[in-house]
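These are my notebook entries on a single chain, set down in the order in which I looked things up. The structure comes first, and the entries follow.

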Amino acid sequence: MLGMYVNDYPNCATVEIVATFPGGGTLRGSGAFIGPKGILTAGHIVYQEDYGIAESITIYPGGSNSDYSPLEKDEIYISPDWYSKEKDDKDYAVITVTEKAGAGHWGTMYYGKNASLLEESVYRLGFPTDKSSGSLWKS
């Protein structure tokens, strides 16, 4: 768990998402800032065939235990193949928020054909649903 570092980049560019569906069901998941106001997440976090599209979505940069203010969704873009067919390989969505968090965002960098990168460690950050809310984990 990375509790004491949630306010530092890149941890704060990883977000905890709380989605509330029609009928009151709530789902918690992870996402990542891909721009100042755009968040990449799984489609199943914002759309469930049995419940529809989430009515409200709250975004917590660095998780609900960080010093960042929660953000509200502006728009949701769901992969058409997830929305209509729930195809596992199309399980993605982008959420835009109404204001910038100032938390930074994940980006890309081209290293060319650099074989030494094959020896580098790679890790992922997220908010596992089997852990307490706001607990950022690294694996």
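I began with isoleucine 34, which I found in the loop between strand 2 and strand 3 (38-41); helices (H or I, at least four residues) and strands (E, at least two) are DSSP runs, numbered from the N terminus. Isoleucine 34 has a relative accessible area of 43% and is partly exposed, where buried means under 20% relative accessible area, exposed over 50% and partly exposed in between (1.4 Å probe, protein chains only). I then noted that Ile34, Leu40 and Tyr92 form a nonpolar patch on the surface, with about 270 Å² of accessible area together. Patches are made of residues with over 30% relative accessible area and no salt bridge, with like charges joined within 9 Å and nonpolar side chains (Val, Leu, Ile, Met, Phe, Trp, Tyr) within 5 Å. The areas come from the Shrake-Rupley method with a 1.4 Å probe, and for residues only the protein chains shown count as cover.

I recorded the ground rules at this point: this is a predicted model, in which local features need pLDDT of at least 70 and side-chain atom pairs count only at pLDDT 80 or more, while totals for chains, interfaces and linings use all residues. Residues are numbered from 1 along each chain as its sequence is written, and side-chain values use heavy atoms, with hydrogens and water left out.

**Overall layout.** I listed two helices and ten strands in the chain, running β-β-β-α-β-β-β-β-α-β-β-β from the N terminus on. Of the 139 residues, 35% count as buried, and the accessible surface of the chain comes to about 8,400 Å², of which 50% belongs to carbon and sulfur atoms. Contact means heavy atoms within 4.5 Å; among contacts between residues at least 6 apart in sequence, 61% join residues at least 24 apart.

**Core.** Which residues touch the most other members of the largest nonpolar core? Of its 21 residues, I noted Ile17, Ile39, Val46, Ile57, Ile59 and Ile95. At least two residues of this core are supplied by each of strand 1 (14-20), helix 1 (43-46), strand 6 (56-61), strand 7 (71-78) and strand 8 (93-97). A nonpolar core is a set of buried Ala, Val, Leu, Ile, Met, Phe, Trp, Tyr and Cys residues joined through side-chain atoms within 4.5 Å. For isoleucine 39, leaving aside its neighbours within four places in sequence, the contacts include Val15, Ile17, Phe33, Ile34, Ile59 and Ile95.

**Aromatic pairs.** I counted three aromatic pairs, taking rings of Phe, Tyr and Trp (its six-membered ring) as paired if their centres lie within 6.5 Å, with planes under 30 degrees apart stacked, over 60 edge-to-face and the rest tilted. One of the pairs is phenylalanine 21 with tyrosine 51, tilted at 6.4 Å centre to centre and 50° between the planes. Phenylalanine 21 sits in the loop between strand 1 and strand 2 (26-33), and tyrosine 51 in the loop between strand 4 (47-48) and strand 5 (52-53), 30 residues apart. Phenylalanine 21 is buried, at a relative accessible area of 4%. Tyrosine 47 and tyrosine 83 form a tilted pair as well, at 4.8 Å centre to centre and 50° between the planes. Because tyrosine 47 lies in strand 4 and tyrosine 83 in helix 2 (residues 80-85), this pair ties together parts that are 36 residues apart in sequence. Tyrosine 47 is buried at 11%, whereas tyrosine 83 is partly exposed at 42%.

**Salt bridges.** How many salt bridges are there? I counted two, each being a side-chain nitrogen of Lys or Arg within 4 Å of a carboxyl oxygen of Asp or Glu. Glutamate 16 and arginine 28 meet in one of them (3.5 Å, N to O), and since glutamate 16 lies in strand 1 and arginine 28 in strand 2, the pair ties together parts twelve residues apart in sequence. Are these two partners buried or exposed? Glutamate 16 is buried with a relative accessible area of 0%, and arginine 28 is buried with 17%. Lysine 85 forms a salt bridge with aspartate 81, the closest N and O atoms being 3.4 Å apart; both lie in helix 2, four residues apart, about one turn of the helix. Lysine 85 is exposed at 55%, while aspartate 81 is partly exposed at 23%.
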